[in-house]
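Welcome to a short tour of this structure. Please have the sequence and the 3D view open, and follow along from stop to stop.

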Amino acid sequence: MNSLPSDASDEANPLRRLSLDQLRLRTSVKWRTYPDDVLPLWVAEMDVPLAEQVARAVTDAIALGDTGYPAGNAYAEALAEFARKRWDWDGLAVERTAIVPDVMLGIVEVLKLFTGPGDRVVVNCPVYPPFYQFVEHLDRRIVEAPLGEDQRIDFAALEDAFRRAVSGGRRAAYLLCSPHNPTGTVHTADELAAVAALADSYGVRVVVDEIHAPIVASGTAFVPYLSVPGAESGMSLMSASKAWNLAGLKAAIAVAGPAAADDLARMPPEVSHGPSHLGIIAHTAALRDGSGWLDAVLTGLDHNRRLLADLLREHLPAIRYEPAQGTYLAWLDCRALPLGDDPAAVFLERGRVALTSGTDFGTGGAGHVRLNLATSPELITEAVRRMSAALD
């Protein structure tokens, strides 16, 4: 497992460009948390080389010594153009944007605008663990609205959560993950419009994490929340981070709906000091010039989703898995296996595969694991082989 093929067909797939030996030279959290005998398919980093257009933009800036403070609207302008071309949405107004350090810190700053200490924030569980961590650190209270059995928004549960969140006359926000992490669900335009109408009826402000927006399966359309009727008072956080593997080059954009422009204007100016100038350069280059590279990754992910489904059917048929519409994550239901609430711990100890434990994702996560598909088919195949052997 220390080398991967590199024929001409693989060159077009960034997920097959790096050998395991090359990947183990990386010093990021994915490759330094566990010993070398563990295959890390957990945290949301992709096993890809940097897009050439992004690498060139960053190295050119370094060659110029252009490592100062960020200025201008290039990032927001590139995002607006990407949204027009990719999502057929021309409603991303640059004047209603602000740069923020990253998506989660941007969410924190927006929640400060919409809520106060002790107020409630509704989330659809199971959901990205930092939603719990950052909201609670902010001295807000989580109210869970569990997803339905189909892993889509359960509107009866959501309405009940909204009712509880605003009880006593408190302000409340709804932190929506779109596409949803960990299930990979891509919300439809009708679902998002229903969210907007329900939130408006209860006076709940909607904040949307759209960091995975560019990563959708073939035949699936991403719908920006702010593009649907009734979403004018919402706020979105967007970034090129996930789609181009730029987590170490921090930068994100807060986008306000027309009725939230005054709220965004209240964001303290010092928040804009957090993003990295090199990060903004990298994200701007990705959005402007990196679509071809992204398309190659999306094609590779389509293959990996099918591959994982086939491998599980053959080797671990008790695991329930439905290839997701979005993200590069796979949500595996292991409850039919005798592994308890935390199967990730068993797969790590016995199989030497690192997955993300479902228990971290709140109610509904027990008995599940999240697997990162943004790697080579060979590593996915080896991971499933090890997971199967862990049950012997």
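## Threonine 327

Threonine 327 sits in the loop between helix H13 (291–315) and strand S9 (329–333). This is a predicted model, and in it threonine 327 has a positive phi of about 65° although it is not a glycine. The relative accessible area of threonine 327 is 0%, so this residue is buried.

## Asparagine 245

Another residue to look up is asparagine 245, in the loop between helix H10 (241–244) and strand S8 (252–256). Asparagine 245 is not a glycine, yet its phi is positive, at about 60°.

## Two cis peptide bonds

Now turn to the backbone at two prolines. Cysteine 125 and proline 126 are joined by a cis peptide bond, with omega about 0°. You will find proline 126 in the loop between strand S3 (120–123) and helix H7 (130–137).

A cis peptide bond also joins serine 178 to proline 179, and here omega is about -5°.

## Helices H8 and H9

How do H8 and H9 cross? The axes of helix H8 (residues 155–165) and helix H9 (residues 189–202) come within 10 Å and cross at roughly 25°. Angles under 35 degrees count as roughly parallel, which makes H8 roughly parallel to H9. Their crossing is right-handed.

On the H8 side, the contact is made by Phe155, Leu158, Glu159, Phe162 and Arg163; on the H9 side, by Glu191, Ala194, Val195, Leu198, Ala199 and Tyr202. Sorted by class, this contact has eight nonpolar residues, three charged residues and no polar ones.

## Glutamate 191

Is glutamate 191 buried or exposed? Its relative accessibility is 13%, and so it counts as buried. Leaving aside neighbours within four places in sequence, glutamate 191 is in contact with Arg152, Phe155 and Val186.

## Helix H15

The last stop is helix H15 (residues 377–389), which has 13 residues. From its first C-alpha to its last, H15 reaches 18 Å, close to the 18 Å expected at 1.5 Å a residue.

Ten of the 13 residues of H15 are buried, so the helix is largely enclosed by the rest of the structure. The buried residues are Pro377, Glu378, Leu379, Ile380, Glu382, Ala383, Val384, Arg386, Met387 and Ser388.

Terms used. Residues numbered from 1 in each chain as written. Predicted model: local features only at pLDDT ≥ 70, side-chain atom pairs only at ≥ 80, totals over all residues. Heavy atoms only, no water. Axes fitted to C-alpha atoms, helices over the stretch in contact; angles between N-to-C directions. Helix = DSSP H or I, 4+ residues; strand = E, 2+ residues; numbered from the N terminus. Parallel < 35°, antiparallel > 145°, perpendicular 65-115°, else oblique. Left-handed = near helix turned anticlockwise from the far one by under 90°. Contact = heavy atoms within 4.5 Å. Nonpolar A, V, L, I, M, F, W, Y, C, P; charged D, E, K, R; others polar. Expected span 1.5 Å × (residues − 1). Buried < 20%, exposed > 50% of the residue type's maximum accessible area, 1.4 Å probe, protein only.
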